[in-house]
Amino acid sequence: MAQQQNILNLEHIDKSFNSRMLLKDASMGMMSTDKIGVIGINGAGKSTLLAIAAGVLEPDSGHVTRTGNLRISYLSQNPVFDPDLTLLENVADRVSGKADHWDTTGEVRATLAKFGIDDADADVSTLSGGQKKRAALVAAILTPSDLLILDEPTNHLDNQMAGWLEDFLKAYEGAILMVTHDRYFLDSVSNTIVEIDRGSLYRYEDANYSRYLELKAERTDFARAAERKAAALYRQDLAWMLRGARARSTKQKAHIQRFEALRDRDKIVEDRNVELNSLASRLGGKTIEVNGISKSYGDRTLFSDFSYIFLKTDRIGIIGPNGCGKSTLLKCITGLEKPDAGAVDIGQTVRIGFFRQENEELDASKRVIDDIRDTAEYIRTSDGLTSASAMCEKFLFDSEMQYAPIGKLSGGEKRRLYLLKVLMSAPNVLILDEPTNDLDIQTLRILEDYLDHFAGIVITVSHDRYFLDRVVNRIFSFEPDGTIRQSEGGYEEYLEHRDSYGTSPEDAKNVPRAGGRIGGRIASGGEGDSSAKEDWLRQKEEQKKKNQAKLSYKEKREWETIEDEIAALEEKSRSLEAAMVEAATDFVKLADLQKQKEETDAALDARMERYFELSEKVE
């Protein structure tokens, strides 16, 4: 085992941006064997801490001490390249300290290829943001160093790339300081967790992410107990002071000083959680039917003759290498792109919320609260009407941040704002393209809990194995042979299934399906696929008729009319709500309208519950 030595110390660091205090009297040391994962909500100061440790940012106050010969390699969150150099030249220039006999450019080319960049001589202006980040990652890991500082290294990596990087870092002999939201990655690589919470640093030794959760719960319980004792003692001292304390003796002076210390103590502040009830609007009997769509660019086929009928309970995860066509498939489903062949048929009640990889254009001068109000002033949840301001508060935008311009938000906070806008539109089909990029772990955990209760369809592209295992019940994987393969369960189940069947188109027809459900067939476009698709569609229709046949005559009649009943009750509730606003000063009329609305909402809840009972029988 390598001998430990202290290589870096941050002492009493203060740092603020735009009047926001990010780090306050923060101190941290690093040993040569530390592999530290830094976590905290977006905007907490994680990237700032890494930049200060790397020496590219100076603290407002405090001291940073590094060993004299410490070699640091740093991957920033948003790397910048020299536009006058090729990609290879940019990366090779960053890789320093190689012995003369090493072929640096050859090693750079080979490693770039591992991260999906085959044209090492490309003009950097033609690269996507993800390609630039992966190229900068290659430069960081190839540069000889004693301390490797990585800001979001797993963003824009597919599962194979993330696995390669994970193995590399586990074998890396130096120290590592990194920010990542990939919880499996943290579990595998880190041996220490540092949490940034309201400007302070909390260190959890000998801990990966799973162990951190246990230790954090213990720390929180201890803090709550200490706060309860301090609060009780403060109340006693306050009563003593109110009785007329006199500082005539040393003992009484000490008592008064204790009271003042208790009064001015830093009280425990519980973590703010993203507490969202399901905002989904009602989804009717017809959802989204994808019928034999294909898409190519030039001579490259992304997918061919793909068919699937989405069920109301679907939680679909889409995986595959970067550039294979995952995002394009989502855009074809949503209508943002047209397939070359085939069609997508969307039901009348379908309301799609699309959380894209790139945030929609946000007006930097607009206030946060105004941006949300432009989507919806109020939203209906299971708790009743909730205002845009209350939703912002639940989504970690406090009253001060709500009235700040969007331009002052961090990249992660803008991503969280964008997610809130999508959810505020009350979709019943939620499409998420790489939702784990740039969202902090706390937001991800609450998003996952929210999706557990989401009354609609979820379709997500993600490379986050933890998120996939937590959320989805079916995987669509873009395989190396060009097929899109279906596997029941999460990512771990997909790995088990992948080893149990081959990669031929015929095998793709026989992927196991949970519970015998006929959810869809994935076609490769080979000979005979058209008739196979017709067979599948016919089987789907026959299964639907068979299930409906299980309903009693009365239930069939009820099923035929229940959606209209629900729509009528929803309209009545909205009308009563509008009437209540107009009758705000007529208390007699207002009380009558309130009673009518309560009765209408109760009837609506009952019909909705019955609707879901019947739909379960039908599906």
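In this predicted model, a polar atom of the Lys 15 side chain lies 2.9 Å from the backbone oxygen of Glu 58. Lys 15 belongs to strand S1, which covers residues 6–17. Its relative accessible area is 9%, so Lys 15 is classed as buried.

**Salt bridges: overall count and network**

- Side chains of opposite charge can pair when their charged atoms come close.
- Across the whole structure, the search finds 32 salt bridges.
- One network of salt bridges links Arg 183, Glu 448, Asp 449, Asp 452 and Arg 470.

**Salt bridge between Arg 465 and Asp 182**

- Arg 465 and Asp 182 form a salt bridge in which the closest N and O atoms are 3.7 Å apart.
- Arg 465 is in helix H15 (residues 465–471), while Asp 182 is in the loop between strand S7 (175–179) and helix H6 (183–189), so this pair ties together parts that are 283 residues apart in sequence.
- Arg 465 and Asp 182 are both buried.

**Salt bridge between Asp 371 and Lys 421**

- A salt bridge joins the side chains of Asp 371 and Lys 421, with an N to O distance of 3.6 Å.
- Because Asp 371 lies in helix H10 (residues 368–375) and Lys 421 in helix H13 (residues 411–424), the pair ties together parts that are 50 residues apart in sequence.
- Asp 371 has a relative accessible area of 5% and is therefore buried.
- Lys 421 is likewise buried, with a relative accessible area of 11%.

**Salt bridge between Glu 488 and Arg 474**

- The side chains of Glu 488 and Arg 474 meet in a salt bridge at 2.9 Å, N to O.
- Glu 488 is located in strand S20 (residues 484–488) and Arg 474 in strand S19 (residues 474–478), so the contact ties together parts that are 14 residues apart in sequence.
- Glu 488 has 7% relative accessibility and therefore counts as buried.
- For Arg 474 the relative accessibility is 0%, so this residue also counts as buried.

**Negative surface patch**

- Asp 82, Asp 84, Glu 89 and Asp 93 form a negative surface patch.
- Within this group, Glu 89 is found in helix H2, which comprises residues 87–94.
- Glu 89 counts as partly exposed because its relative accessibility is 36%.

- Most residues other than glycine have a negative phi.
- His 156 has a positive phi, near 70°, and is not a glycine.
- His 156 is placed in the loop between strand S6 (147–151) and helix H5 (159–171).
- With 26% relative accessibility, His 156 counts as partly exposed.
- Asp 206, also a residue other than glycine, has a positive phi of about 50°.
- Asp 206 sits in the loop between strand S9 (200–204) and helix H7 (209–242).
- The relative accessible area of Asp 206 is 71%, so Asp 206 is exposed.

Notes: Residues are numbered from 1 along each chain as its sequence is written. This is a predicted model: local features need pLDDT of at least 70, side-chain atom pairs count only at pLDDT 80 or more; totals for chains, interfaces and linings use all residues. Side-chain values use heavy atoms; hydrogens and water are left out. Patches are made of residues with over 30% relative accessible area and no salt bridge: like charges are joined within 9 Å, nonpolar side chains (Val, Leu, Ile, Met, Phe, Trp, Tyr) within 5 Å. Accessible areas come from the Shrake-Rupley method with a 1.4 Å probe; for residues, only the protein chains shown count as cover. A salt bridge is a side-chain nitrogen of Lys or Arg within 4 Å of a carboxyl oxygen of Asp or Glu. Lys and Arg count as positive and Asp and Glu as negative; His and the chain ends are not counted. The place of a charge is taken as NZ of Lys, CZ of Arg, CG of Asp or CD of Glu. Helices (H or I, at least four residues) and strands (E, at least two) are DSSP runs, numbered from the N terminus. Buried means under 20% relative accessible area, exposed over 50%, partly exposed in between (1.4 Å probe, protein chains only). A polar contact is a pair of N or O atoms within 3.5 Å; within protein, one must be able to donate a hydrogen and the other to accept it, and residues adjacent in sequence count only if both atoms are side-chain atoms.
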